[in-house]
Amino acid sequence: MPIFDSHFHQPEHPGLTEHIRRLLSGGKITATRLPLTPEIQLYLLNQDYPQHNLTREQTQALMNDPPFWSFCWSSGQVLARWVLDRKELVRGRRVLDFGTGSGIVSVAAALSGARKVLACDIDPVALEAVKANAELNRVQIEVSKDFESLSAKGFDVILAADVLYDVDIFPFVKKFPELASEVILADSRVRDLTLEPYRKVGQGVAVTCPDLQEPEEFRHVSIYRTSRKAKAPLTS
C-alpha cells in the first residue's frame with residue numbers, strides 16, 4: 001500500500017520545520033495527502049528524512065522527546081476514516097480528540113460536521129501542529145493541554161487513537177464513558193481490549209506516514225466503542 005504521493009508537492013511549514021530541525025537537522029515539515037483519507041492533508045515530516053544517518057545525539061534526542069505530531073500513525077488514519085464514513089456519529093456534536101498528535105482525527109470530525117472540536121495533547125508543539133493542520137484543511141479546531149478543564153466544559157463524543165500503549169492513560173480511558181455518550185478508540189498495539197464497557201466494532205489497515213518500516217502487525221488497527229443513550233448535543 002502506498003503511503004506517500006511523491007508527485008504531490010505542497011509548501012513547507014517554516015515554523016514546524018524549525019521545531020523538527022532541533023531534533024533532525026535534515027528534516028522538514030511539508031503538507032502531505034494521505035491515501036486512506038484523501039480528504040485530508042497534514043503537515044508531516046518529509047518521507048526522505050535522513051533516518052539512516054542520525055548521530056548518536058540525534059537518536060537520543062528523538063528517544064527522549066519524540067515528535068509524535070510529525071508522523072501520522074496508522075491508528076489515527078484508521079479512526080479518521082471511520083469518522084469520515086460515519087459522519088452521523090459526530091455531526092452537530094461537541095467532540096474531544098484525546099492525545100491528538102498531528103490532529104488528523106480532529107480534522108476528520110470537523111469535516112464531518114461536528115459542532116465543536118476540541119483537540120487535547122500535553123505536547124505544546126503538537127497543539128501548534130494541530131492549529132496549522134486545521135488552517136490547511138480550512139476547519140475550526142480548539143486546542144488545549146488541560147484535559148480536566150475540558151472535562152468540566154463537557155462533550156458528547158470522545159475520540160482517541162494510539163493511546164492504549166501507555167498504561168498511564170488507562171485511568172482516562174476508564175473514565176471516558178462517564179464523560180461522553182459516545183467513545184471510540186483505535187489502536188494497533190492492543191488487539192483485543194478487555195475493558196468494560198468497550199467492545200471491538202471494527203478494524204482497518206494503514207501505514208504510518210512517513211513510513212517507519214514498522215512490523216506488519218502494527219499496520220492492523222482495532223476499533224473499540226462504547227455508547228449509551230445520548231442526551232441532546234451540547235450547544236456551547
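Predicted model: local features only at pLDDT ≥ 70, side-chain atom pairs only at ≥ 80, totals over all residues.
Residues are numbered from 1 along each chain as its sequence is written. Local features need pLDDT of at least 70, side-chain atom pairs count only at pLDDT 80 or more, totals for chains, interfaces and linings use all residues, and side-chain values use heavy atoms, with hydrogens and water left out.

Trainee: Is Ser102 buried or exposed?

Mentor: Ser102 sits in the loop between strand E3 (94–98) and helix H4 (104–111), where helices (H or I, at least four residues) and strands (E, at least two) are DSSP runs numbered from the N terminus. Buried means under 20% relative accessible area, exposed over 50%, and partly exposed in between, with a 1.4 Å probe and protein chains only. Because its relative accessibility is 4%, Ser102 counts as buried.

Trainee: What distance separates the C-alpha atoms of Ser102 and Trp73?

Mentor: Leaving aside residues up to four places away in sequence, Ser102 touches several residues, among them Trp69, Phe71 and Cys72, a contact being heavy atoms within 4.5 Å. Trp73 is 29 residues from Ser102 along the chain, and their C-alpha atoms are separated by 8.8 Å.

Trainee: Arg138 and Asp162 both have positive phi; which class, buried or exposed, does Asp162 fall into?

Mentor: Arg138, with phi near 60°, is exposed because its relative accessible area is 79%. Asp162, with phi near 55°, lies in the loop between strand E6 (157–161) and helix H7 (170–179). Since its relative accessibility is 17%, Asp162 counts as buried.
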